[in-house]
Amino acid sequence: MPDLTTIASLATAGGTTVLAVATFVSVRSANRSARVAERALLAGLRPVLAPARLQDPEQKITWGDGHWTRLKGGFGSVESSDEVIYLSMPLRNVGSGIAVIHGWYPQAWTASDEHPDPDDFRRQQRDLYVAASDVGFWQGALREPSEPMFADISVHIRDRERLSIDVLYGDHEGGQRTISRFGLAPDEASSDWFCSVVRHWNIDRSDPR
């Protein structure tokens with residue numbers, strides 16, 4: 001005679017195993033769906049900054065000391081004196097989320113694959129926002145002639161040599177920080193400085209390359 005107790009125990013164990021497998025598959029599927037949904041949400045908030053196009057409208061921007069600058073589409077502005085250096089660029093947000101600019105790091109032109117530490121960036125004195133699929137600007141000023149960076153940038157401006165401006169920004173939730181390296185190259189036919197973007201680095205997630 002079959003041992004009904006044993007059969008019942010085996011049936012219970014089998015049912016438990018099937019239930020455990022089903023639960024595992026369900027949880028794994030739910031986790032995968034949650035990750036996909038999270039990536040889709042973040043992609044909808046993600047900003048990507050590039051130079052404004054040549055046909056974009058001119059922008060007039062002001063500085064805290066009352067200085068004014070006009071920015072033409074596609075061209076940055078480099079203005080220097082013995083006391084202050086004004087740097088600015090017209091930007092276009094080609095991403096799908098609002099860009100909030102956190103800081104900047106100027107230096108002589110570099111094609112390095114490495115970016116400065118985010119903690120070394122100069123913080124913006126006011127919040128700069130660039131709406132998705134719209135134009136805006138970045139601005140920064142060096143006001144301490146005694147600091148080495150001021151002297152270095154001054155020499156490159158005087159000699160009309162290319163500059164690199166690394167811009168640190170993120171989405172309006174404070175995440176997805178990105179560093180974009182912009183180049184400012186002197187236009188041979190005028191006093192303008194042509195603006196380009198050469199590299200993007202993701203700080204809070206893996207790089208695409």
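I began with the lining of the largest pocket, to which β7 (122-130) and β8 (135-142) each supply at least two residues. I recorded that the model is predicted, that local features need pLDDT of at least 70, that side-chain atom pairs count only at pLDDT 80 or more, and that totals for chains, interfaces and linings use all residues. Residues are numbered from 1 along each chain as its sequence is written, and side-chain values use heavy atoms, with hydrogens and water left out.

**Entry 1: the pocket**

I looked up the space in the largest pocket and found about 300 Å³. Of its 13 lining residues, Trp-63, Gln-125, Gln-139, Gly-140 and Ala-141 are the closest to its centre. I noted the terms: on a 1 Å grid over the protein atoms alone, a pocket is an open set of points where a 1.4 Å probe fits, with protein on both sides within 12 Å along at least five of seven lines, and lining residues have an atom within 4 Å of a point. Grid points are joined across faces, edges and corners, and the volume is the space filled by probe spheres set on the points.

Which strand gives the most to the lining? I found that β7 does, with five residues. Strands are DSSP runs of E with at least two residues, and helices are runs of H or I with at least four, numbered from the N terminus. By class, I recorded three nonpolar, six polar and four charged residues in the lining. Here Asp, Glu, Lys and Arg count as charged, Ala, Val, Leu, Ile, Met, Phe, Trp, Tyr, Cys and Pro as nonpolar, and the others, Gly among them, as polar.

**Entry 2: salt bridges**

I then looked up the salt bridges, of which the structure holds ten. The term requires a side-chain nitrogen of Lys or Arg within 4 Å of a carboxyl oxygen of Asp or Glu.

One of them joins Glu-58 and Arg-70 at 3.1 Å, N to O. Glu-58 lies in the loop between β1 (49-51) and β2 (59-62) and Arg-70 in strand β3 (residues 68-71), so the pair ties together parts twelve residues apart in sequence. Glu-58 has 47% relative accessibility and counts as partly exposed, a class between buried (under 20%) and exposed (over 50%), taken with a 1.4 Å probe and protein chains only.

I also found Glu-147 and Arg-122 paired at 2.7 Å, N to O. Glu-147 lies in the loop between β8 and α2 (148-158) and Arg-122 in strand β7, so this pair ties together parts 25 residues apart in sequence.
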